Amino acid sequence: MAIGLSARPLSPIPNRFSPVSQEIRHRIVDLCEQIRDHQFKYYVQDKSAITDSEFDALLLELKNLEIQHPEFKLPDSPSDLVGGGFATHFQQADHIEKMMSLDNVFDEDELSTWFGRIAKTSGQNSWLCEVKVDGLAINLLYEAGKLTRALTRGNGVTGEDVTLNIRTISAIPHELKGRNIPDLLEVRGEVFFPITAFDEFNDQQVELGKERFANPRNAAAGSLRQKDPRITASRPLSMVVHGIGAASGVEFGSQSGAYELLKGFGLPTSTRYKVVKSASEVAEFIGFYAEHRHAVEHEIDGIVIKVNEIPIQNELGFTARAPKWAIAYKYPPEEVTTKLLDIKVSVGRTGRVTPFAFMEPVKVAGSTVANATLHNAGEVIRKGILIGDTVLIRKAGDVIPEVLGPVIAKRDGSERAFTMPSNCPDCGGELRAISEGDIDIRCPNTQSCPAQLRERIFYIGSRVALDIDVLGYEAASALLMDGLVKDESDLFALTEQDLAKSQFFRKKDGTLGLNVEKLLKGLAAAKVKPLWRIVVSLSIRHVGPIAAQALAKNFGSISAISQASEAELAETDGVGEIIARSVIEWFSIEWHQEIISKWEAAGVQLTEVAKKSSEPQTLAGLTLVVTGSLEDFTRDGVAEIIALHGGKSSSAVSKKTHFVIAGQAAGSKLAKAQELGVRVLDEREFKILLAKGASALG
């Protein structure tokens, strides 16, 4: 009798090249692109293009598809990341203890399932319920009782240092008070903009000729990210503490006890929490704030439920991104109706054409909205939306709501169907799907479409790319409209004389504005930014910060990236087949090569600047691959050692590899080296190579 064999028939092996598989692969790629774009808007621009619920739905769909089809998961999938992980002009630092996110549930059944999972491990426990503040997550570090650093969440491991601005918030003590002050304490919480002050502040913004903030959360984030702390100090920010990271010299027995202790230290803890004993009491707390959510001094988007006993929290532990002992119950977004006046389309920086609803302005969830994304023509048809309909929309505090569908009973016969345009509204080019299976249509006129040019130049100036002061949306539009640049290739050759030709860069009296000097300084500083930022700024489809950093680290220059084969690119950690094809396609286009040539001529640094090393450059010109475990080197440490000695580390073995260093439990890379005839060294030989160079190996 065979052991371990199932009597059930085997499932057929999925065909990666079948029409269904190709559609799934394209959907995963599209979801990753959409989610990255929305994360960029949310975490970097402090703006939002979709609602929280819409973003959650995209992320949930992506996770489900990746579970069902792991062969199509991208190496830098946003499903593996905490938050946006985008760098800004603030310096970055690591949290002592990782700053986690929270998993969400959206109804009573999901919450009940979560309670059941906890019960299997914890037995009897109590629950702490608290309102979920819709603000900006912050980690405060107190050493010997003094506030020494404040970081944003960032990617959960590394955040932006906003200490100077945090010190301007009166609710946050610079020094803890009371007895038994801990040696070290990380305190987590949310910075928020009080609702009562929000409308007044927005009115002042308009009077000053500045853009209104969409909601209090964006106002808090924008206020905290000011380069001048005096501006932050002028705004009525506050904070609520809701958690603890690393701690030394203090112990906590329960979440509620920790809150009382933190309150005694002078920290701003919330009064809007309650410890309960049963799931029914949790439901009562959720119901109370669902009815009174607008009576709270800050915006909330749900209730957080935590196991109150910290020993049980420790027993339950964490997943890769969230604690298992806490969950966020998200309230259903608020819903209103309004008139759909028209459906228009917008063109993004990669040519993607997106329909959006243009509506009669309506106030929902504390802000006035008039636009809502509709994603693609199929979504319009699926929801049965007609131009002229009264539509039901919902919004969870974000800038653009979700159109749920039409109120059919209010139709009067004047409504008409939406037809996706066949030509680009900005350049007139014929719209089409760029690749087989692509559900989106795109404008293929990437070189000269005004909308794509404007979006790409604006993206170059953004924080996620080169972070160039002044180079915002209006400046990008002015540069193009006034003929100062034909495309991004001309950007770094701009002079003061060029900018003087544009009214945007002149004062009313005709003299040059301060924005001229700022822009030129920003462009000059951008020329020497790290290589990965240059790669990001090229707007290569699918290439975000993570893939760009992998490419920059592995190849070291734009020239090397452009000359790499598809296989070499795909084998790079963090890249993969889809991104590799995009990179090959981008560099194959002649006018893209012109961008590189002009940037290089203008002095843009297109190579990775190696750190000066006092070590002998015994590995200069050599590419090495390490596989298996080494006794005297860690995985990260050996890569650093190779770099310090002038060598290049690669994650993939190819004909260009000079040596493979094989430790214990060496895997497929060893077999690949033997197949290609690449010399394999053990750890002893590697040390000889480091000390004396390749000639010493004989």
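**Strands and helices**

Modeller: Strand S7 (residues 184-192) pairs with S8 in the antiparallel sense, over eight bridges, where strands count as paired if DSSP finds at least two bridges between them. Helices (H or I, at least four residues) and strands (E, at least two) are DSSP runs, numbered from the N terminus. This is a predicted model, in which local features need pLDDT of at least 70 and side-chain atom pairs count only at pLDDT 80 or more, while totals for chains, interfaces and linings use all residues. Residues are numbered from 1 along each chain as its sequence is written, and side-chain values use heavy atoms, with hydrogens and water left out.

Biologist: Which residue of S8 stands opposite leucine 184?

Modeller: Strands of a sheet pair through backbone hydrogen bonds, either parallel or antiparallel. In this case, leucine 184 faces serine 248 in S8.

Biologist: In what order do the strands of the open sheet lie, and which strands stand at the edges?

Modeller: The order of this four-stranded open sheet is S5-S4-S7-S8, with antiparallel pairing. Strand S5 (146-152) and strand S8 (238-248) are at the edges, each with a single partner strand, so one side of each is left without a neighbour in the sheet. From one strand to the next, the twist averages 25°.

Biologist: Which helix lies across S4 and S7, and which one touches S7 and S8?

Modeller: Angles run from 0 to 180 degrees between N-to-C directions, and axes are lines fitted to C-alpha atoms, for helices over the stretch in contact; contact itself means heavy atoms within 4.5 Å. Helix H6 (residues 216-224) lies across strand S4 (136-143) and S7, running at about 45° to S4. Helix H8 (residues 255-264) packs on the sheet and touches S7 and S8, its direction making about 110° with that of S8.

Biologist: At what angle do H12 and H13 pack?

Modeller: Angles under 35 degrees count as roughly parallel, over 145 as roughly antiparallel, 65 to 115 as roughly perpendicular and the rest as oblique. Helix H12 (residues 450-461) packs with helix H13 (residues 473-481) at about 130°, their axes 8 Å apart, and the two are therefore oblique to each other. Residues of H12, including Leu453, Ile457 and Phe458, meet residues of H13, among them Tyr473 and Leu480.

Biologist: How many bridges join S15 to S16?

Modeller: Four bridges join S15 to strand S16 (residues 402-406), and these strands run antiparallel; here leucine 392 is opposite glycine 405 in S16. Strand S12 (residues 334-347) also pairs with S15 (residues 390-395), in the antiparallel sense over six bridges, with glutamate 335 having arginine 394 in S15 as its bridge partner.
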